[in-house]
Amino acid sequence: FAFFLFAAKSVWPVVCIGFSPSFGFSTVFLMLKIHNSLSRKKEQFKPIEPGKVRMYVCGMTVYDYCHLGHARVMVVFDMVARWLRTSEYQVTYVRNITDIDDKIIKRAGENGESIRTLTDRFIAAMHEDADALGVQRPDHEPRATEFVAPMQRLIGDLVGNGLAYQADNEDVCFAVRKFDGYGKLSGKSLDELRAGERVEVAGGKQDPLDFVLWKHARPDEPEEVKWASPWGLGRPGWHIECSAMSSELLGAHFDIHGGGADLQFPHHENEIAQSEGAHQCSFVNYWMHNGFVRVDDEKMSKSLGNFFTIRDVLKEYAPEVVRFFILRAHYRSPLNYSDAHLVDARSALSRLYTALRNVTPAPIEAVDWSAPAAQRFKQAMDDDFNTAEALSVLFDLAAEANRSQSAEISGLLKALGKVLGLLEQEPTTFLQGGGESSGENVAAIEAQIEARIAAKKARDFAEADRIRAELLAQGIALEDTAQGTIWRRA
């Protein structure tokens, strides 16, 4: 029931036309391709187990509120999981929580509170932010402190395999030069590599690149961060956490590992070394890294004073606008945050909602992927999750819906938007809220509209025109319809 059509590689990808119980014989399937950071090229996606995908993403270290970089990771891999499920894969998605770390210990001490109290508070805040952005919860969200025993077993395997040793200060370290292939993810030789900003430094290392697997307990550290182990009281290093949690929940060898570009070295490089060194098998088939967030074309950092938490941004812009802004860029490209870009995103999203308001969507239970617009959308998403191109399809549909007044076209627009976690509000709710974080000024706007209606009834058309002009100057456009006056952000 399947055959392949080949065309010039420079123009068209290979396509397969075949039977699917959901989509039917006429559906055109484009093979999903993922840019693999390990090979540095796009590769056709082939899951280890047909029809199933196991994906792990490095999550947050919970000692403060999530920032825009965290928002991008959450939204990007939520989009990836949604598209994989839309493509009929059974997805097991794991995103961890680092709840033991030097910064966490320091912050809890400064606050005079327990580590658990601190981390519980910021995990709850993280969930609030993620929920606001329309990020679906992962299937598993393991805390590092719940997986200390598996971490110790993994370290024991590395010691037994001759890849780890106890240093003079009693920390257990990974011997980088004893692992063949170290540096394959970053693409550098051992001599070119330098310790990244989060590589722990320990006395008695055999090599400066060696990194800590188990930290020997310090006298000034609280008892709640000390676990008994074969190497004495202590706590796990940062890198070993993800190797243990991923292998426990997904197996020693799984399909996709994701995270921010800043984690590629040393964290992900070290994960590969630990996991493959302990399990003696390949670790991950496809590595995905989203690009950095920049603010007005500068790297976001607290030292530059251009650091924004998700909560900062949501005070000014509606969560769906922020999600749309993130998805508007390809996940691997830099994302440049500025007020101008957020305002433009709000305006663009309003155009889509305006089309849905103007033409009531026909309900669609399942997308017909043989439809030309749906094919284009699928082709974009199957090309390394190209949401920028996929969104262009939505704008084409919005224009066509407005032109043809077709409920079916409007319905397809809404259905494809839903695939990306967009366009799920009532259009009037979004448009009258203007895509802002709150409706604080809605009452004032509606009061002016009521005053205009009263002026028209009194045949004071000059006053009615003045109010319309005043609202337009505030960015509020009015439209008089048979059902009444509708307003939206201009």
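Mentor: Start with strand β14 (residues 293-295), which pairs with β15 in the antiparallel sense over two bridges. Strands here are DSSP runs of E of at least two residues, helices are runs of H or I of at least four, and both are numbered from the N terminus. Two strands count as paired if DSSP finds at least two bridges between them. This is a predicted model, so local features need pLDDT of at least 70 and side-chain atom pairs count only at pLDDT 80 or more, while totals for chains, interfaces and linings use all residues. Residues are numbered from 1 along each chain as its sequence is written, and side-chain values use heavy atoms, with hydrogens and water left out.

Another strand to look at is β13 (residues 284-290). Six of its seven residues are buried, so β13 is largely enclosed by the rest of the structure. Buried means under 20% relative accessible area, exposed over 50%, and partly exposed in between, with a 1.4 Å probe and protein chains only. β13 pairs in the parallel sense with strand β12 (residues 254-260), over six bridges. The chain goes from β12 to β13 through helix α6 (residues 264-279), in a right-handed β-α-β crossover. Right-handed means that, with the strands pointing away from the viewer, the path from the first strand over the helix to the second runs clockwise.

Helix α6 contains Glu-271. With a relative accessibility of 0%, Glu-271 counts as buried. Leaving out residues up to four places away in sequence, Glu-271 touches Cys-58, His-239, Cys-242, Ser-243, His-257 and Phe-283; contact means heavy atoms within 4.5 Å.

For the chain as a whole, the secondary structure comes to 15 helices and 18 strands. Of its 490 residues, 52% count as buried. Of the contacts between residues at least 6 apart in sequence, 71% join residues at least 24 apart.

On a 1 Å grid over the protein atoms alone, a cavity is a set of points where a 1.4 Å probe fits but cannot get out; a pocket is an open set with protein on both sides within 12 Å along at least five of seven lines, and lining residues have an atom within 4 Å of a point. The structure holds one cavity of 30 Å³ or more. The largest cavity is lined by Asp-78, Ala-81, Arg-82, Arg-85, Tyr-93, Gln-136 and Arg-137. Helix α1 (residues 68-86) gives the most to this lining, with four residues.

The second largest pocket has about 500 Å³ of space. Its lining has 22 residues, of which Glu-365, Val-367, Ala-415, Lys-418 and Val-419 are the closest to its centre. The elements that give two or more residues to that lining are α1 and α12 (407-419), and α12 gives the most, with five.

Conventions:
Grid points are joined across faces, edges and corners, and a volume is the space filled by probe spheres set on the points.
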